[in-house]
Amino acid sequence: MTAVRSRILDVVREAYPETFEALSPAKPTGERFFSGPAPHPNEVLNLFVQQKLTSALPLAYYMAARRGLDSLMDRRLPASARLSPEALQVAMKGLLALREVELKEAHRLILGSRGSRSCSRSNCPSRNLGPGVSEADQKIVDRITDSAHCGTKILEVLSLKEVCGGDCFGFCEGCTEGWETGHADVRKNVWVMLPDVFGLKG
Ligand SMILES: [Zn+2]
């Protein structure tokens, strides 16, 4: 029994890593790690809470919260995937906090460096230093924060080619690469915040 438990825990550790370094974009994380039909992230979260798998809880909460409120509160789910009022409250508070960070950081990345950044491409919208936010600025912020969706993608590696498609609203490669690098730091910082965001500290 002990051997079985320790093997299961090895799988959990791999799917819900404890360190940022182990969180590889090339490897499926969370419920996507399991072969066959993926369990609902709420179900995984319930199991981990019940089993007191404390080290895996920050990521389990994140995986449930990233899909947004409708997924957290979905009434059509089987009982095993319905969250307790306590877990739901923690997950919702965490989601709101992460969403706020996501919006703030996207604005900081795209708009905060305007002016100080030297973009040499004359046709890049970053060169527009006029007052206010340009349409291209707004569009790229919306795409990064996925504003049509109420979950969060903050721990995902940002690929601006993927989120904006084609010409990335005219922003040059130098700018988009700089934002992707900046976003990598945001991910790292958010990872460190997770236990706190989901009330798992002290
Ligand atoms: Zn540029």
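Q: What makes the arrangement of donor atoms around the zinc ion tetrahedral?
A: The 4 donor atoms around the zinc ion subtend angles of 103 to 116°, and four donors count as tetrahedral if all angles lie between 85 and 135 degrees, whereas four count as square planar and six as octahedral if opposite donors are over 155 degrees apart and all others between 65 and 115, anything else being irregular. The arrangement is therefore tetrahedral. As a reference, the ideal angle for four tetrahedral donors is 109.5 degrees.

Q: How do you know which atoms coordinate the zinc ion?
A: Donors are N, O and S atoms within 2.8 Å of the metal (3.2 Å for Na, K and Ca), and sites may look incomplete because water is not among the atoms. The SG atoms of Cys-119, Cys-124, Cys-172 and Cys-175 lie at 2.2 to 2.3 Å and coordinate the zinc ion. In sequence, these donor residues follow the spacing C-x4-C-x47-C-x2-C. This is a predicted model, in which local features need pLDDT of at least 70 and side-chain atom pairs count only at pLDDT 80 or more, while totals for chains, interfaces and linings use all residues. Residues are numbered from 1 along each chain as its sequence is written, and side-chain values use heavy atoms, with hydrogens and water left out.

Q: What parts of the chain does the pair Cys-124 and Cys-172 link?
A: The pair links distant parts of the chain, 48 residues apart: Cys-124 is in the loop between α5 (85-112) and α6 (135-145), and Cys-172 is in the loop between α7 (160-164) and α8 (173-197). Helices (H or I, at least four residues) and strands (E, at least two) are DSSP runs, numbered from the N terminus; by that rule the chain has 8 helices and 0 strands.

Q: Why is Cys-124 called buried?
A: Buried means under 20% relative accessible area, exposed over 50%, and partly exposed in between (1.4 Å probe, protein chains only). Cys-124 has a relative accessible area of 3% and is therefore buried, and Cys-172, with 9%, is buried as well. Of the 202 residues of the chain, 42% count as buried.

Q: Why do Cys-168 and Phe-169 receive their accessibility labels?
A: Cys-168, found in the loop between α7 and α8, has a relative accessible area of 7% and so is buried. Phe-169, found in the loop between α7 and α8, has 21% relative accessibility and so counts as partly exposed. Phi of Cys-168 is near 55°, a positive value in a residue other than glycine, and phi of Phe-169 is near 55° too. Most residues other than glycine have a negative phi.

Q: What makes the contact between His-40 and Ser-71 a polar one?
A: A polar contact is a pair of N or O atoms within 3.5 Å; within protein, one must be able to donate a hydrogen and the other to accept it, and residues adjacent in sequence count only if both atoms are side-chain atoms. The side chains of His-40 and Ser-71 are joined by such a contact, of 3.5 Å. His-40 lies in the loop between α1 and α2 and, at 14% relative accessibility, counts as buried.

Q: How many cavities of 30 Å³ or more are there, and which residues line the largest cavity?
A: On a 1 Å grid over the protein atoms alone, a cavity is a set of points where a 1.4 Å probe fits but cannot get out, a pocket is an open set with protein on both sides within 12 Å along at least five of seven lines, and lining residues have an atom within 4 Å of a point. The count comes to 1 cavity of 30 Å³ or more, and the largest cavity holds about 40 Å³ of space, a volume being the space filled by probe spheres set on the points, which are joined across faces, edges and corners. Its lining consists of Glu-102, Glu-105, Ala-106, Ile-144, Ile-154, His-183 and Val-186. Val-186 lies in helix α8 and is buried, with a relative accessible area of 4%.

Q: What is the volume of the largest pocket, and which residues lie nearest its centre?
A: The largest pocket has a volume of about 300 Å³. It is lined by 16 residues, of which Pro-25, Thr-29, Arg-32, Leu-155 and Glu-156 lie nearest its centre.
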